[in-house]
Amino acid sequence: MNDKFLKLLIENGIKYELHYPTSKLSSFELGGKTKTILFPKEMNEFCEILCFLRQNDMKFYIVGACTNTFFSDEGFEGAIVSTSLLNKSFCENKKQPKAR
């Protein structure tokens, strides 16, 4: 992980772990380690992370609850962004479209 990225995470209080075993994420309990896993709690944190990763051409995956997700036993040399802690309240304040 580069120093600029680490600084962004620390300054914004974004939860992260290094060399995280992806087997802890998957309901199948399979997979090697990922270089970095990120757990944003708010939409602004999520957006900050994605902007940084894209602007710096860093490899990443976005995952949710990881039910039925397989991870390679070889691991992943990028970042995994988990939405498991993401505050869903931003959806509660928006009007939902009516079904037709």
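This is a predicted model: local features need pLDDT of at least 70, side-chain atom pairs count only at pLDDT 80 or more; totals for chains, interfaces and linings use all residues.
Let me begin with helix 1, whose face turned away from its buried side carries the exposed residues Asp 3, Lys 4, Lys 7, Ile 10 and Glu 11; exposed here stands for over 50% relative accessible area, buried for under 20%, and partly exposed for what lies in between, with a 1.4 Å probe and protein chains only. Helices (H or I, at least four residues) and strands (E, at least two) are DSSP runs, numbered from the N terminus.

Residues are numbered from 1 along each chain as its sequence is written, and side-chain values use heavy atoms, with hydrogens and water left out.

To stay with helix 1, its buried residues include Phe 5, Leu 8 and Leu 9. Seen down the axis, the buried residues of helix 1 fall within an arc of 95 degrees, so they line one face of the helix; the arc is that of the directions from the helix axis to the C-beta atoms. Among the elements that cover these buried residues are strand 1 (15–21), strand 2 (33–39) and helix 2, where contact means heavy atoms within 4.5 Å. Gly 13, which follows helix 1, has a positive phi near 65 degrees.

Now the chain as a whole. Its secondary structure comes to 3 helices and 4 strands, and from the N terminus on the elements run α-β-β-α-β-β-α. Of the 100 residues, 33% count as buried, and among contacts with a separation of 6 or more, residues 24 or more positions apart account for 56%.

Which residues touch the most other members of the largest nonpolar core? In this core of 13 residues they are Phe 5, Leu 9, Leu 38, Phe 46, Ile 49, Leu 53 and Val 81; a nonpolar core is a set of buried Ala, Val, Leu, Ile, Met, Phe, Trp, Tyr and Cys residues joined through side-chain atoms within 4.5 Å. Two or more residues come from each of helix 1 (3–11), helix 2 (43–55) and strand 4 (76–82), and helix 2 gives the most, with 5 residues. A second, separate core has 9 residues, including Ile 37, Val 63, Phe 76 and Ile 80. In soluble globular proteins, nonpolar side chains tend to be buried together.

Leaving aside neighbours within four places in sequence, Ser 82 is in contact with Ile 37, Leu 38, Phe 39, Pro 40, Val 63 and Gly 64.

Finally, two backbone angles. Most residues other than glycine have a negative phi. His 19, however, which lies in strand 1, has a positive phi near 55 degrees, and at 53% relative accessibility it counts as exposed. Not counting residues up to four places away in sequence, His 19 touches Lys 33, Thr 34 and Lys 35, while His 19 and Ala 79, which are 60 residues apart in sequence, are 9.9 Å apart in space, C-alpha to C-alpha. Glu 29, in the loop between strand 1 and strand 2, also has a positive phi, of about 55 degrees, although it is not a glycine, and Glu 29 is exposed, with a relative accessible area of 63%.
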